[in-house]
Amino acid sequence: MSANKKVVSSKVKNNIKNDNICFNNAKLTDNTNVNNDMASKNATEIEDNKDIGKQNFLLVRHLSKTYIGGYSGINEISFEMNVGEKMVIVGDYSSGKTTILSVLAGLESISSGEMYLNGKFLNNAKIKDRNIGYLDKKLQLDGTKKVKDIICYPLKLRKIDNNTIAEKLAYIANAFEISGMLSKKVIKLTTYQKTIIALARLLICDRDLYLIDDIFDNLTSAEIEKIAKILSKVIVSKTIIFAASSYETAQKLQTDKLLMLAYSTMVYCGNIHNKENFEKTIAGYKLFKNKKICCIPAFINGDKLIIDGKQYDYGKQLVSGVFNKGVLLFDMDNISFDSSKNVAVCAEIYYINKDKVAYLDINSYVATIYLDGNFKIGDKINFSFNQEDGILYDFESERKIST
């Protein structure tokens with residue numbers, strides 16, 4: 001292997017640290033630093049904006065969190081929700097989902113931005129004054145306790161009378177179909193049952209907002225669907241934000257609103273069924289396709305594409321002529337593992353992540369491809385595609401540039 005190839009290997013290692021699907025550490029927006037102007041807003045400006053916060057049940061504006069050392073947990077996140085609305089935040093691990101929920105709940109401070117809930121300014125509010133329920137992925141269940149004691153604990157903490165506790169327990173146990181396990185100890189329950197118990201404990205109290213953080217990873221598809229069906233009956237009038245690591249899981253949760261994150265930045269917020277918006281960025285399409293895509297580096301020369309040193313007609317218009325370096329993205333349905341299509345590639349696998357995404361070296365640039373099979377680092381793979389079947393994105397911003 002040439003010296004140039006060794007340099008590329010180093011680049012690959014830098015990119016795969018954050019499990020990026022593409023070729024550099026470019027952010028999705030030019031504004032990747034925390035907005036210091038927002039942090040320096042004076043008290044008068046914040047006071048004026050409180051009136052704006054009363055127009056939506058939940059309003060989040062320009063929310064940023066920067067950790068010691070300069071790492072950006074979230075960058076300029078803005079969204080709003082009406083009372084009773086449900087939303088799901090979707091993103092890879094370390095994309096910022098938990099950070100958003102944590103700062104809303106008051107578990108972490110924010111670096112800049114504003115948060116309003118039910119007309120109240122949340123930025124400096126104490127946890128107990130926010131009236132927000134938060135369930136994290138660890139569930140936080142005491143295995144030595146009985147199920148009924150776990151579920152009723154928040155009510156007893158608030159010194160609710162025993163008759164009201166009994167009524168609420170009966171209702172929630174019936175809704176979650178757990179009446180027969182109330183006297184069991186948590187340690188004897190399955191992962192699915194523990195998840196149900198944790199949700200019952202969360203929802204037995206009346207809150208302004210409920211936050212449910214990525215609790216679905218260890219559940220089967222059928223179990224997620226069952227939970228979603230139960231929740232649809234229990235949370236009708238409740239305002240809830242879910243966090244999930246895949247679009248597939250998000251769809252099962254029966255919400256209409258989606259906030260999509262990548263690299264700690266919001267890449268889409270809107271209707272979960274509006275598929276056209278997902279392909280506007282590589283990160284969005286990657287989440288939409290559950291990472292089952294192929295990304296190929298390409299240079300742009302007018303209406304031509306240069307792939308692996310060879311020139312091809314693209315056949316699609318670009319949004320402008322200022323781009324010279326791009327990323328060609330394909331559904332796996334458009335990839336053939338032979339040489340039957342226009343562009344044939346032979347490349348070595350440098351890395352394969354847990355999602356079966358392989359990182360390849362194509363002419364000293366990093367490509368990625370989803371591989372559903374028994375592959376290992378060092379293997380060479382042969383595949384081909386027709387260049388006109390791909391969607392073209394700008395290399396730096398990772399935004400769609402083909403029409």
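Is G91 buried or exposed in this structure? What you see is a predicted model, in which local features need pLDDT of at least 70, side-chain atom pairs count only at pLDDT 80 or more, and totals for chains, interfaces and linings use all residues. Residues are numbered from 1 along each chain as its sequence is written, and side-chain values use heavy atoms, with hydrogens and water left out.

To return to the question, G91 counts as buried, at 0% relative accessibility. Buried means under 20% relative accessible area, exposed means over 50%, and partly exposed lies in between, with a 1.4 Å probe and protein chains only. G91 sits in the loop that joins β3 (86–90) to α4. Helices (H or I, at least four residues) and strands (E, at least two) are DSSP runs, numbered from the N terminus. In sequence, G91 and M260 are 169 residues apart, yet their C-alpha atoms are 6.0 Å apart in space. Setting aside neighbours within four places in sequence, G91 is in contact, meaning heavy atoms within 4.5 Å, with K97, A244, S245, L261 and L287.

One of those partners, K97, belongs to the buried residues of helix α4. Helix α4 spans residues 97–105 and is mostly covered, with eight of its nine residues buried. Besides K97, the buried residues of α4 include I100, L101, V103 and L104. After α4 comes G106, whose phi is positive, near 90°.

The chain has 10 helices and 19 strands. Of its 403 residues, 51% are buried. Among contacts with a separation of 6 or more, 71% are between residues 24 or more positions apart.

I turn next to how some of the helices pack. How do α5 and α7 lie relative to each other? Helix α5 (residues 147–157) and α7 pack at an angle of about 30°, and their axes are 7 Å apart. Axes here are lines fitted to C-alpha atoms, for helices over the stretch in contact, and angles run from 0 to 180 degrees between N-to-C directions. The two helices, α5 and α7, are therefore roughly parallel to each other. For reference, angles under 35 degrees count as roughly parallel, over 145 as roughly antiparallel, 65 to 115 as roughly perpendicular, and the rest as oblique. The crossing of α5 and α7 is right-handed; a crossing is right-handed if the near helix is turned clockwise from the far one by less than a right angle, and left-handed if anticlockwise. From α5, the contact uses V147, I150, I151 and P154, and from α7, I197, A200 and R201. These residues of the contact of α5 with α7 divide into six nonpolar, no polar and one charged. In this scheme Ala, Val, Leu, Ile, Met, Phe, Trp, Tyr, Cys and Pro are nonpolar, Asp, Glu, Lys and Arg are charged, and the others, Gly among them, are polar.

Helix α7 (residues 191–203) also packs with helix α8 (residues 221–234), where the axes come within 11 Å and cross at roughly 20°. That makes α7 roughly parallel to α8. On the α7 side, Y192, T195, I196, L199 and L203 meet E223, K226, I227, I230, L231 and V234 of α8. The residues of this contact comprise eight nonpolar, one polar and two charged.

Helix α5 has another partner, helix α6 (residues 162–175): their axes come within 10 Å and cross at roughly 135°. Here α5 and α6 are therefore oblique to each other, and their crossing is right-handed. In α5, K148, I151, C152, L155 and K156 meet I165, K168, L169 and I172 in α6.

How many disulfides does the structure hold? It holds zero disulfides, a disulfide being a pair of cysteine sulfur atoms within 2.5 Å. The sulfur of C152 is 9.6 Å from the closest cysteine sulfur, in C205, which is too far for a bond. C152 is buried, with a relative accessible area of 4%, and C205 is buried with a relative accessible area of 4%.

Finally, consider M332, in the loop between β14 (325–331) and β15 (343–352). M332 is buried, with a relative accessible area of 17%. Its C-alpha atom is separated by 7.5 Å from that of Y370, 38 residues apart along the chain. Not counting residues up to four places away in sequence, M332 touches K292, I293, C294, F337, I369 and Y370. Thank you for your attention.
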